[in-house]
Amino acid sequence: METAKKGYEASWRQALSDIAPELTEQELATWFRGIEYAGSSDTSVTLSVPSSFYKDQITQRYLGRLEEKLAELAGHEVKIRFTVQKKGSSKGPHDETARP
């Protein structure tokens, strides 16, 4: 559904913009340029990342700040979920939540 696809996209872009000054250019290049907004529900944002390792690193290093910023922008708690999109895979994306 197109509405779900666009739901929190503007908030996600704003959250990235807001935390960018806190990050080095290296961090932005390494961890954030490979993330794609994949959709949302009423209470979560789904982001597409290239690997489980990438998901784990984003979760450990930045998830708290990102969810905090999204909650600030949305006015309520918003969880981040990840979809691992493996390049060259003929299978669809593998949906993984931010926390085990």
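1. **Ground rules.** This is a predicted model, in which local features need pLDDT of at least 70, side-chain atom pairs count only at pLDDT 80 or more, and totals for chains, interfaces and linings use all residues. Residues are numbered from 1 along each chain as its sequence is written, and side-chain values use heavy atoms, with hydrogens and water left out.

2. **H2 against H4.** Let's start with two helices; helices (H or I, at least four residues) and strands (E, at least two) are DSSP runs, numbered from the N terminus. Two packed helices are described by the angle between their axes and the distance between the axes. For H2 and H4 the angle is about 120° and the axes are 9 Å apart. The axes here are lines fitted to C-alpha atoms, for helices over the stretch in contact, and angles run from 0 to 180 degrees between N-to-C directions. H2 is therefore oblique to H4 (under 35 degrees is roughly parallel, over 145 roughly antiparallel, 65 to 115 roughly perpendicular, and the rest oblique). On the H2 side, the residues in contact are Ser11, Trp12, Gln14, Ala15, Leu16, Asp18 and Ile19, and H4 brings Leu66, Lys69, Leu70 and Leu73. Contact means heavy atoms within 4.5 Å.

3. **H3 against H4.** H4 also packs with H3, at an angle of about 125° and with the axes 11 Å apart. This pair is oblique as well.

4. How many salt bridges does a search of the whole structure find? There are 8, each being a side-chain nitrogen of Lys or Arg within 4 Å of a carboxyl oxygen of Asp or Glu. One of them joins Lys69 and Asp18, with the closest N and O atoms 3.7 Å apart. Because Lys69 lies in helix H4 (residues 52-74) and Asp18 in helix H2 (residues 9-19), the pair ties together parts 51 residues apart in sequence. Lys69 is buried, at 16% relative accessibility, whereas Asp18 is partly exposed at 27%. Buried means under 20% relative accessible area, exposed over 50%, and partly exposed in between (1.4 Å probe, protein chains only).

5. **Ile35, a loop residue.** Ile35 lies in the loop between helix H3 (25-32) and strand E1 (36-40). Is Ile35 buried or exposed? At 10% relative accessibility, Ile35 counts as buried. Leaving aside neighbours within four places in sequence, Ile35 is in contact with Trp12, Leu47, Ser48, Val49, Tyr54 and Ile58. The C-alpha atoms of Ile35 and Ser48 are 5.7 Å apart, although 13 residues separate the two along the chain.
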